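Please consult the sequence and structure shown below.

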Amino acid sequence: MQTQTIATQPIEGQKPGTSGLRKKTRVFMGPHYLENYVQAIFDGIGGVAGKSLVLGGDGRYFNDRAAQVILRMAAASGAARLIVGQGALLSTPAASHLIRSRGTDGGLILSASHNPGGPEADFGLKYNTPNGGPAPEGVTDRIFAATRTITEYRILEAQDVDLSTPGEARLGEMVVEVVDPVADYAALMETLFDFDAIAAMFARGFTLRFDAMHAVTGPYAKAILETRLGAAPGSVINAVPLPDFGQGHPDPNPIWAKPLVDLMLGESAPDFGAASDGDGDRNMILGRGIYVTPSDSLALLAAQAHLAPGYAGGLKGVARSMPTSGAVDRVAAALGIDCYETPTGWKFFGNLLDAGRATLCGEESAGTGSDHVREKDGLWAVLLWLNILAATGKPVKALMEDHCAQYGRNYYRRHDYEDVEADRANALYDALRAKLSALPGQSFGPLMVKTADEFSYDDPVDGSHSAAQGLRIGFAGGSRVVFRLSGTGTVGATIRVYLERVETDPARLTLDPATALADVAAAAEAIAGIKAHTGREAPDVIT
Ligand code: G16
């Protein structure tokens with residue numbers, strides 16, 4: 001087998017976003033595109049000679065081909081061992097766990113997460129560091145710098161490696177170890193949760209619907225929820241991963257997982273409903289007659305996590321991304337633990353988790369996780385909920401009502417304006433940024449602006465500074481609106497508008513969220529002129 005050195009040139013736009021590089025699949029399949037980026041990752045992390053890496057992805061179109069290219073490039077660059085999920089599949093949290101448990105030098109994850117898959121849809125690749133977490137900005141900056149100076153890449157001339165069965169093979173000097181993608185992850189879950197209590201709950205007739213959305217969590221959910229815990233066969237639906245996710249949009253929210261929401265809010269709802277996304281790190285939680293927002297789910301899990309064996313000793317602290325609602329903050333205050341506010345992106349939680357400052361983290365974008373791995377983890381969130389339901393014997397709705405009665409309620413909604421022309425989105429954002437300092441003291445309807453700033457973050461562990469992380473406007477009384485431009489899209493720009501209102505009056509805890517947030521939404525429009533800038537009358541997606 002011969003190593004080929006291929007001359008290449010920098011390709012524009014290979015800048016990692018919120019979570020790795022995400023582009024149209026056809027862009028990734030273009031000449032040298034994937035190879036350039038993989039070589040830049042290798043160069044950006046100081047080479048891979050003698051190193052071991054984990055490799056896997058969410059099974060989307062081009063996953064299998066990209067995995068073979070990465071294997072040949074790793075072999076050509078002298079990597080010692082690649083640990084690959086069978087069929088090149090690994091959920092993102094399972095990959096994070098393997099990186100940590102096997103002590104590798106990091107891993108490469110093939111995924112565009114919740115973005116659709118297929119030749120005309122999206123593909124992505126990200127590097128996770130040896131702690132199992134997404135590369136922090138310092139590392140992604142070096143990778144991006146390498147994409148701009150690249151002149152050649154190395155690749156082994158070889159046949160495809162058979163990834164269809166667990167075992168070891170060689171590619172040149174490199175060992176390729178194919179592993180069952182589910183086994184280690186399932187074993188980890190069993191150390192954290194009271195599987196016996198959850199199984200007993202199912203044995204008593206507790207009913208569940210888990211929508212795997214034809215994405216990577218299907219095999220994990222089948223093995224853990226049905227086979228191990230005894231949920232009725234068929235409780236996990238859309239369980240077979242497909243390259244185009246069955247033409248669906250594997251984003252677990254009320255828009256893209258509408259059939260599940262309709263079921264849970266309808267007459268014949270099971271006790272518990274959940275869904276996960278393309279690569280298995282996001283989650284959506286529902287009970288009979290109730291949708292739980294990701295921010296509320298984080299708050300409830302923080303308040304009740306001690307009921308699960310893995311968290312019985314209490315939480316060291318919690319962390320949430322800035323646009324996530326402050327519901328968890330009040331739980332942290334009651335528990336007497338620290339609560340950190342970070343920029344959007346799971347990578348910002350890594351240092352807090354590594355330093356033992358936070359045990360639980362969460363984001364409004366349907367991500368929740370803990371220090372068991374360094375990624376958010378959809379199935380973990382489902383299992384923690386099931387453990388809490390088994391321990392309390394209460395339905396989801398009653399648990400949330402009790403929670404709000406104790407802590408108050410943060411009404412919360414996110415309005416997304418998708419595929420907006422980049423110039424228009426930037427114009428809105430720049431105009432808003434320019435007027436921030438003049439906003440305090442101004443009133444919009446019944447809301448008076450108290451604070452307005454652009455969020456920046458100083459990491460308390462390594463001191464790194466991250467600027468320009470979203471525009472936030474706080475109103476007297478605790479309501480607020482946040483504006484951000486998404487960092488995970490592949491076409492145009494997505495403007496995210498996050499609306500929040502804090503309510504502690506017991507008489508106003510059960511309002512319809514749209515009604516409760518009407519004043520905040522009107523203030524957002526009045527302040528930013530969204531309609532005029534975008535030409536849109538309404539958001540494309542509301543979560
Ligand atoms: C990624 C990150 C998350 C982040 C989300 C939203 O999620 O891992 O930490 O909250 O993007 O990003 P944005 O608002 O910039 O689109 P995922 O599930 O896509 O990997």
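Which residues lie nearest the centre of the largest cavity?

## Basis of the model

This is a predicted model, in which local features need pLDDT of at least 70, side-chain atom pairs count only at pLDDT 80 or more, and totals for chains, interfaces and linings use all residues. Residues are numbered from 1 along each chain as its sequence is written, and side-chain values use heavy atoms, without hydrogens or water.

## The largest cavity

T18, R282, T344, S365 and T488 lie nearest the centre of the largest cavity, among 25 lining residues. A cavity is a set of points on a 1 Å grid over the protein atoms alone where a 1.4 Å probe fits but cannot get out, and lining residues have an atom within 4 Å of a point. The largest cavity holds about 230 Å³ of space.

## The second largest cavity

About 160 Å³ of space lies in the second largest cavity. Its lining has 18 residues, with N253, P294, E364, A366 and T543 nearest the centre. Domain 2 (185-407) and domain 3 (409-542) both contribute to this lining, so the cavity lies between them. The domain bounds come from an automatic or database domain assignment.

## Domain 1 and domain 3

The C-alpha centres of domain 1 and domain 3 lie 35 Å apart. Nine residues of domain 1 are in contact with eight of domain 3, where contact means heavy atoms within 4.5 Å.

Terms used: 1 Å grid on protein atoms, 1.4 Å probe; cavity = no way out; pocket = protein on both sides within 12 Å on 5 of 7 lines; lining within 4 Å. Points joined across faces, edges and corners; volume = space filled by probe spheres on them.
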